[in-house]
Each structure stands twice: as C-alpha cells, then as structure tokens.
Amino acid sequence: MDDVTILSTTNLKDDLLARLAGVSPRVVVRQSFCRTGDEVTPLLPGVEVLLTQHGDFDAARADRLRWIQLQTAGADHLLGNPVLERGVAVSTASGIHATPMAEYVIGVMLAMARRLPLVCALQRDRAWPEHPWRDLCGRELREETIGILGYGSIGREVGRLALSLGMRVVALSASGRRRDEGYHTEGTGDPEGRVPSAWYTPDQLHAFLGQCGFVVVAVPLTADTRGMIGEEALRAMRPDAVLVNIARGEIVQEGALVRALREGWIAAAALDVFQEEPLPPDHPFYDVAARRDNVLITPHMAAMTRRYNERLVDLFIENLRRYLAGRELLNRVDAARGY
C-alpha cells in the first residue's frame, strides 16, 4: 500500500511527531510551521493529509489532498476554499478545547461576580474604598442560572462544571441533540445531555436569555448565528446578567453590546473574541472597560494552555487510525451546515 504523507503546519514537539509516525508504517510525517495560508501553499504537492489552522491556501496546489484535520473547533475560515468542492474530508478539533475553555468561562464568571477587574484597578492605584464590604460586595454563582448558547463539547463541559458549583443550567441548541456524538475526553462534558434542567431552540432565544444571570456564547459561526446577539437579544437579558463570549466575535453585534454596557441593559461582559483581532486600540470596548468595572477583555486565549498540542495530537491519532481503516472521521464538517 502507498505511503500516507502528512503535513503539519503547526509546531509540534518531536515526541508528538513520533507518536503520529508510530500509528502505522505507512505514515510519513512532515512538519513546517506556517503563519499564513500563503506559506502553506507551496508545501501542498504530494500531501494526502493536512494538519493546519489555515483555510486560505491555494487548493490548486493540493494535488493529492484527501483529508484536512483542523486545529480549530470552528471551520468557518475554510468554508470558502474550493478544496471542499473536490470532496476533501474536513474534520475539526472540537472536543479538545472543552477543558481549557470551560475553565476559562468559570474563571471569568467568578472574576466578574467578585468584581476582580475593579479590585485589580484599585490594587494598581494602591487605594481601597473606605467601606470595601459595601463597595466591593459581589454575588454568588450558587443557585444562579447559567444559559449556555450552543451545547457542543465546550458548552457541555461548562455545564458540568457549573452544575458542580450549584448553578442551574439551561441550554439552547440548534441541533436539538441531547447526546454528544463528537469527540470528548473521558470524564468530561455531559455526553448524555443530563445536566440542563431546560432546553431551548433558536426561536426561543429571548425567553432563554431572559432568565439567565450568566449567558455563555458557545455556538459555531454560521449564517444563522452571525449577529444573533444584537439589540433585541441584549434587551431581553436581565439587567444583572453577565455575557461571556468564547465563540466568534461576529456572533455578537459589537455596537449594540457597547450600548448595552454603557446604558446598563446588562451588568457586564467577558469577551475573548472580536470581529477584528487583535482588537484595535481605539475600540470602544477599551473605553468602556476603563470607565467602568464591567468589561473583561482577553486576546482570544481561552483555549490556550500548555497541553493544547497534546490534546490535538490525541484527537488526530484517533482520526488517523479511522482514516487508515476507512472508517468515519470524528468531527467531520458538513459544509452545507457550516460546522
């Protein structure tokens, strides 16, 4: 049987590359760290399997490409590439981000509930309020309702952790699937869909939002989800609600969110993703954050921990074994659906 040439455009350590090569004698692994799709393109001839985060390479050079394993949970950046019209299989890294991103969500919710952005600002100024018990009084997560918008692998792990803190969990899912059929690490998530006390569909968005003290945006970016959190949705939220966006910036209409934060439609937001990244230094979010203590901004870092590539290779190896055996890939993208 012919060799299977794999190209990794990330920066895997030697031990991880050795694990990939050890899957089968047929596997030939090449690696070249690429910062852009233009850097990927000249490396594509002869490559059968591509491990990458890039979606803007030139498909015409991919003469033998049959499968793309993305490093990302989303596939929106690849959907316009003509390579999909040739029937090349695409699978995402959905599932590997569940632990780090869910921990990030719990962390920022606790930070906003206990007013840590304000506390950090006061620490820098070396000045504390005269009555900290009154002026820095926070809220508890226990018995609060968390709404998870998009109940995929990340949302399910958020739900599991939130339930362990005594929170009430509600979920909105476009697919309506209770069972998780994607990749997940043993002992994480909510594979049977038992955590939420109530389930909602997209046509019930406002009813879903209106009951939540915390709303976590974890849906994929599609034509249906782009801009779904706009003025009407924000006005449907509770005035003490905290919005956490870990999905894609385009899902939230930023102008409406700036207004909501300035005018008090909602209490606060923790944002890891934006319509333009990195977030421009003149963006109004910075101004809102500087004037109030109700905005926490991070630079698309929720998934990044020291174990990212280890988790990526775990998934890639499972899918590589399936590929070599002619079995269905985990997390295969449906181009028509968008994820």
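These legends walk through several close-up views of the structure above. The model is predicted, so local features need pLDDT of at least 70 and side-chain atom pairs count only at pLDDT 80 or more, while totals for chains, interfaces and linings use all residues. Residues are numbered from 1 along each chain as its sequence is written, and side-chain values use heavy atoms, with hydrogens and water left out.

View 1. Helices (H or I, at least four residues) and strands (E, at least two) are DSSP runs, numbered from the N terminus. On the α3 side, look for Ala-98, Thr-99, Met-101, Ala-102, Glu-103, Val-105 and Ile-106, which meet Ser-153, Ile-154, Glu-157, Val-158, Leu-161 and Ala-162 of α6; contact means heavy atoms within 4.5 Å.

**View 2. Thr-92 sits in the loop between β5 (89-91) and α3.** Thr-92 has a relative accessible area of 6% and is therefore buried (buried is under 20% relative accessible area, exposed over 50%, partly exposed in between, with a 1.4 Å probe and protein chains only). A polar atom of the Thr-92 side chain lies 3.2 Å from the backbone nitrogen of Ser-94. Beyond its neighbours within four places in sequence, Thr-92 touches Gln-69, Leu-70, Thr-72, Ala-73, Ala-75, Leu-315, Asn-331 and Val-333.

**View 3. Leu-122 belongs to helix α4 (residues 116-125).** Its relative accessibility is 17%, so Leu-122 counts as buried. Setting aside neighbours within four places in sequence, Leu-122 contacts Ala-127, Trp-128, Pro-129 and Leu-136.

View 4. Most residues other than glycine have a negative phi, and most peptide bonds are trans. Arg-115, not a glycine, has a positive phi of about 60 degrees; Arg-115 is found in the loop between α3 and α4 and is partly exposed at 25% relative accessibility. His-300 also has a positive phi, near 50 degrees, and lies in the loop between β12 (295-297) and α11 (308-325). Finally, a cis peptide bond with omega of about -5 degrees joins Glu-277 and Pro-278, and Pro-278 lies in the loop between β11 (268-271) and α10 (284-291).

Notes:
Polar contact = N/O pair within 3.5 Å; in protein donor to acceptor, adjacent residues only side chain to side chain.
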